[in-house]
Amino acid sequence: MPARKMISMGLSMRYLGYHAAAWRHPQVDPGGASDFSHFLNVARLAEAAKFDMVFLADGIGIRAKDEPPGSLCRSAQTAELEPLTLLSALAPMTTHIGLVATASTTYNEPYHIARKYASLDRISGGRAGWNIVTSWSDAEAQNFNRDQHLDYGTRYERAAEFVEVVKGLWDSWDADALVRDKESGVFFDAAKLHVLNHQGKHFKVKGPLSVARSPQARPVLVQAGASEAGMEIGAESAEVIYAVPHEIDTGRSYYRDLKERAARKGRDPEGMKILPGITPFIGATEAEAREKYDLLNALVAPELGLSYLYGQMGDLSAYPLDGPVPEPNDPKVRSIAKNLLKLAQRDNLTIRQLYTTIAAGFGSRILIGTARQIADEMEAWVEAEAADGFNICPAALPVGLEDFAAQVVPELQRRGMFRTEYAARTLRGNLGVPVPASRHGGAVVPER
């Protein structure tokens, strides 16, 4: 009988959890998202549970609007720490767990990103990863000398070139270039330093990078795009893909599509790990898990809940919260509005029930049940080739992670699906993704 496939797992640790009311949970410190000790505790809990990585999503602005009025001041998803600063502080306080953060290709320059993530990789001993995004909101644009966000085509065209420049800069030094020979006075071998000299449509970057080669050849590349352009970038370069399908058939199609794209680009599809996001509510019984879900949902202020529907369904504040969901009122994204209305009609949801459904997981798939039921669902997706693992998005931190680590992780380990000890010292090694060759040949990974 073939060995069961071992899964990869990441932990999303932005804010205080993925539920809109996480900050009001009785076991959550409402100031934690601005407190280093909160993140250190979460990272250490994830490392003790043998997660592959912790992940900090990021937006460079407050994207939420005060729609309807009075909603924004009720959201804790407004004040946070800058990800790379935070991960650099966590690096020496942890040993094995990967450290992944988002950075935008629209509001950065390639040299900045190459330098910062290469530095984090060296500080952490080979545990850094970059989540590639183009950003999407006008709120971010308005923080960077723009009134509106760049158009879709320009954003993704720029992003594709941006990633190639960063990869080129990461190849500036051969792994054995820095000889540091005190006797001869030669600090580095000049033949093993490479100038990029990139000149493209969006960027002109000479190089070389002023950071030595990464301990894992280059930081792990992560991507989450579901659009055609985003999937092409992922298939070309990403080693981890964050995905958001809610149905196993949709997940299987997405998985197959991305793996086939990677193969067409000459990559080994097994070198790309696809991790759908899930927000689990776990109890000793299904009823207990449902109580945890209902507890948080009851803490969602109506103004805040309605804000989760505002962009898709329009202003619903004049309608009874416990009445039926009306037809969308001037929706900004008609396809999303149509799907939300279909969901509400199918499950006979009230406005309150619909907004709590959305606010409970910030878009990720909600799983409610016992550890065995959660593990069953995870196993089914892996066996169906809809996932290589999962990005765990706890509803509230650290309590949701504590539940998962204490109950679901041992169940996965019992089934032979998840490690009991780390196998490697780098994020690449633990994920089982290949070390990329340098475009210049020569030594790839520095001697330790």
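Lys and Arg are counted here as positive and Asp and Glu as negative, with His and the chain ends not counted; the place of a charge is taken as NZ of Lys, CZ of Arg, CG of Asp or CD of Glu. On this basis, the mean positions of the 50 positive and 55 negative charges of the chain are 3 Å apart. The model is a predicted one, in which local features need pLDDT of at least 70 and side-chain atom pairs count only at pLDDT 80 or more, while totals for chains, interfaces and linings use all residues. Residues are numbered from 1 along each chain as its sequence is written, and side-chain values use heavy atoms, with hydrogens and water left out.

The chain contains 14 helices and eleven strands, taken as DSSP runs (H or I, at least four residues, for helices; E, at least two, for strands) and numbered from the N terminus. The radius of gyration is 22 Å, close to the 22 Å that the globule rule gives for 448 residues, so the chain is as compact as a globular protein of that length. This radius is taken over C-alpha atoms, and the rule is 2.2 Å times the number of residues to the power 0.38. The C-alpha trace spans about 80 × 55 × 45 Å along its principal axes.

Of the 448 residues, 53% count as buried (under 20% relative accessible area, with exposed over 50% and partly exposed in between; 1.4 Å probe, protein chains only).

T426 is located in the loop between α13 (399-414) and α14 (427-431) and counts as buried at 15% relative accessibility. Leaving aside neighbours within four places in sequence, T426 is in contact (heavy atoms within 4.5 Å) with G125, G126 and Q216.

Most residues other than glycine have a negative phi, and most peptide bonds are trans. A cis peptide bond joins E67 and P68, with omega about 0 degrees, and another cis bond runs from L397 to P398, with omega near 5 degrees. Y15 has a positive phi, near 55 degrees, and is buried, with a relative accessible area of 12%. R180, with a positive phi of about 50 degrees, is partly exposed at 49%.
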